[in-house]
Each structure stands twice: as C-alpha cells, then as structure tokens.
Amino acid sequence: MIKALLGGAAALSIAAAAHGASFAIQAGHLIVDAAQPERGNSTVIVENGRISRIDSGFTAPPGAIVVDERARTVMPGMTDVHVHLTQTAGTPWYLGFTQKYSNPYGATLGLTHALEMARAGFTTVRDLGGDTSSVIAVRDAVGEGRFPGPRIKVSGDPLSIIGGHADEATGLPPELAAAVNEAHLSPSVCTGVEECQKAVRKLAAAGVDVIKIMATGGVLDPGARGLEQHFTDAEMKGIVDMAHASGLKVAAHAHGARGILGATLAGVDSIEHGTFIDQAGANAMKARGTYYSATLMAFSGVQGLIGTGKLPPESEAKAKQTFAVWGKGLNLAYRTGVKIALGTDSAVAPHSQANKELELMVSKGGMAPRDALIAATKGGPDLLGIGGETGTLDPGKSADLIAVEGDPLVDPTAVQRIDYVMVEGRPIPMKGQ
C-alpha cells in the first residue's frame, strides 16, 4: 500500500526502512551538533532506524542503501514546537463553523500538513491547539508509519477562559454562542482552579503530550478583550501544578507583558509568541529556565490576511499592534540569555514555508546564525524532553536528519533548500518522487 501511494525509489526506501534496512548517507559536510564545528566528507550509517556510527569519508557498507548527498550538508532535522496541523493557512475564520471543516476532515488536513512539515525539514513538531481526538489520530497514524511525516507531539484543545482565545463562542451573536456552548465545541473552557485542574485531568486521560493554556488574549480571535492576561495567577498555577503532577509540560500562549510574567511565575515550561515581553518577564524566564518560542512566521501570515475580509475587524486591530514589535521580543529574550526553541505557529502561515522561521530569527530577532540553528535543532527536543532521542546526530540516537544546500551555520536560508529528509530511519518522499 505504501509503495502504491508514494511510488518510485522513495517508496522502496520507506518500505525497506520498515523492515530494518540500513542506509549509508554520504555527506559533503556534516553537522552532528549545531553547537560544534562541522565535519568534512562523512558517511552516516543508519541501522534499524537509528544512527549506528559515522565514518570519515564516503563509505558504503555491504547491503546498505546509499544516499548520495556529497554535494550538500547533512544535519539534524529541525523541531518546530508550535504548529497547528489540522488547520490551513488563509482560511477565513468563520469556515470553522461549517460542515466541511469538521473534526474528521481536520484529521485529513493534519496528515497533509504533517507531510509538508517534514518536507520543509522538520523531523519533530508539536501541535499546540486542535481538536483533541483529531490531533491524536494524526499523531498516532504518522507515528505508526501509516502516513509519512515528522514525530508529532500534541496538546489537544487549549485551556481558555470564557470569552478567551480558545472559546469558540467568543464574538458570536447570543443565539449562536448558546448553540456553540450547548454543542460543547469549546471543551477546555474553564473557570476557577478546581474546574481548570479537572480540564487538565481530562486532557491527560485522553493521551495528550503537553497542556496548552491561553494565558492572554490572542490576535486571531474576534474578541475585543485585548492581548493581556486572561487566567488569574491562581488558575494558572493550578493548571501548571496539575499538569506537572500528571507528567505533562505546559505551553502558554502569551502576548502581553503582564500575562507573560504571570505565566512564567506560575511555572509554565514555554512562552509562545511572547510578543510584548519586557525585561522583567525576560529575567524571570531566564531565572526559571523557561523556553521562548517567537513564532515570527505568524506575523508574515497575518500580514497577508489584512484587508482580505478573512479576519474579523477586532483581529485586524490587534494584529496591527503587533507588527511594530515584530522580532523585538525574541531579541530581548536572546540578549537576556533566555532559552530559545524554534516555533512557527504554522497554519497562520503555510506549513510548507515553516523553514523560513530560521531566517527571521536572524534578520528580525537578531540571533547569530549558529545560535538560531541550535534553537532549531536542539532547543525543541530539550524543551520537549526528548533531547536524548533527537536533535543531534550522535550514534545511538534516532535517525532524524536532513540534507540542505549551503551551510546553515552561516546562512539561515540554507534550510529552505531541502534535498533529503529522514525521520526515525524512514526517508520522506519529496515532491516529484
């Protein structure tokens, strides 16, 4: 079945990998660890989905499938800690209430976008907001090898206050809002510590990998409450305490400075967006080891929607507030020494363009190219707690790697020129294959 769907040599390689085939990936330049000097001519030997060794020069052990990347740089696959696989860029906000964009249909979109993310060089992604059952289905189908894509972690439905960023009744006429509430389309809307902790327990029982909370308002919802703190300090701490007790980390959507600081002090593991972060927030994040994910591609995605009628007027107004500080939050966090992980908010901008985030981290966020590459390859796995599995090409780790044209240690656009992708020892079919 896999061969029939994918066709050609790529399909044969994927099928072979599923049966324990070995690979010899010959690299003109090799980045084992973005924090270390790159190597010259090298061969990465992959057996049973893992890196078994790295040879100097070009070698080809008997029986190995040879992958010729001698004109390119082979490096660890990237990790995107903030995506939305079951949503599509450019979709008008109101289409979410139509039958076409049902949760089952969202799962099919998720499988499509998962492949796009892998083709863009991402071997691990974290989905931070989608129908719980849909994103779990996408995660498991890809993880079982039924469909090609990256390693996927999911949060499921985000936690939101009534009228908050993930409350689907926000901004609707009263009769429609009542219908939405009756249909329980916003299952993780909660009030008070006890109710919010119950919501965490339900998500944990459903099998999510992380909890996401909407600590502040958001740009793309039609609400007019602004971009500052939503949950109370007590509610956020209650959520974090229950999540951590359940073995789950917490990612906080947070734009406003007060909300960023409040979420950080509550103990969240990452701040997503962090648009209006101030020095107090950055200092608190550094002191607590909280990760920062800037999602700079989201700004370009929203820019393309302004004036199209695809955003509510309230969203356009909030978006315009953020454009003036595009990248400044990341620069402040970077200069302060906050831990950085690459995140894109893909679905706001197309998933296929997610690899442009690295360039923006340098041009807008002021990061050194090497530091941006470290954030793209090692930051995410460390945040997700899988740094021992992926993020570098050390022997024994999962074979998560990509081949690019150019040197991404000095040129962040190199990761936009992808020639080859392997996830857990399975080659990803590229366009035209």
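1. Arg70 lies over the face of Phe58, at 5.6 Å from the ring centre. A charge is taken to sit over a ring if NZ of Lys or CZ of Arg is within 6 Å of the ring centre and within 35 degrees of the ring normal. A second case is Lys364, placed over the face of Trp326 at 4.3 Å from the ring centre.

2. Basis of the values. The model is predicted: local features need pLDDT of at least 70, side-chain atom pairs count only at pLDDT 80 or more, and totals for chains, interfaces and linings use all residues. Residues are numbered from 1 along each chain as its sequence is written, and side-chain values use heavy atoms, with hydrogens and water left out.

3. Aromatic pair. The structure holds one aromatic pair. The ring centres of Phe299 and Trp326 are 5.6 Å apart and the planes make 20°, so the pair is stacked. Rings of Phe, Tyr and Trp (its six-membered ring) pair if their centres lie within 6.5 Å; planes under 30 degrees apart count as stacked, over 60 as edge-to-face and the rest as tilted. Phe299 belongs to helix H10 (residues 297–303) and Trp326 to the loop between helix H11 (313–323) and helix H12 (328–336), so the pair ties together parts that are 27 residues apart in sequence. Both Phe299 and Trp326 are buried, a term that means under 20% relative accessible area, against over 50% for exposed and partly exposed in between (1.4 Å probe, protein chains only).

4. Overall content. The protein chain has 14 helices and 15 strands; helices (H or I, at least four residues) and strands (E, at least two) are DSSP runs, numbered from the N terminus. Of its 433 residues, 57% count as buried. Among contacts in the protein chain with a separation of 6 or more, 70% come from residues 24 or more positions apart, where contact means heavy atoms within 4.5 Å.

5. Three-stranded sheet. An open sheet has the order E5-E6-E7, with parallel pairing; two strands pair if DSSP finds at least two bridges between them. Strand E5 (78–83) and strand E7 (151–154) stand at the edges with a single partner strand each, so one side of each is left without a neighbour in the sheet. On average, neighbouring strands of this sheet are turned by 15° against each other, direction ignored. E5 and strand E6 (residues 122–127) run parallel and are joined by four bridges, and Val83 has Asp127 in E6 as its bridge partner.

6. Helices on that sheet. Helix H3 (residues 103–119) packs on the sheet and touches E5, E6 and E7, with its direction at about 135° to that of E6. Helix H4 (residues 132–143) lies across E6 and E7, and runs at about 155° to E7. Axes are lines fitted to C-alpha atoms, for helices over the stretch in contact, and angles run from 0 to 180 degrees between N-to-C directions.

7. Five-stranded sheet. A further open sheet, also with parallel pairing, has the order E8-E9-E10-E11-E12. Its edge strands are strand E8 (210–214) and strand E12 (339–340), each pairing on one side only. Four bridges link strand E9 (residues 249–254) and strand E10 (residues 270–273) in the parallel sense, and Ala252 stands opposite Ile271 in E10.

8. Backbone points to inspect. His273, found in strand E10, has a positive phi of about 85° although it is not a glycine. His273 is buried, at a relative accessible area of 7%. Thr295, in the loop between strand E11 (291–293) and H10, likewise has a positive phi, near 50°, in a residue other than glycine. Thr295 counts as buried at 1% relative accessibility.

9. Nonpolar cores. Which residues have the most contacts inside the largest nonpolar core? They are Leu159, Ile211, Ile213, Phe231, Tyr292 and Met361, in a core of 81 residues. Leaving aside neighbours within four places in sequence, Met361 is in contact with residues including Leu296, Leu330, Ile340 and Met367. Apart from this core lies another, of 18 residues, among them Ala21, Phe23, Val46 and Val67. A nonpolar core is a set of buried Ala, Val, Leu, Ile, Met, Phe, Trp, Tyr and Cys residues joined through side-chain atoms within 4.5 Å.
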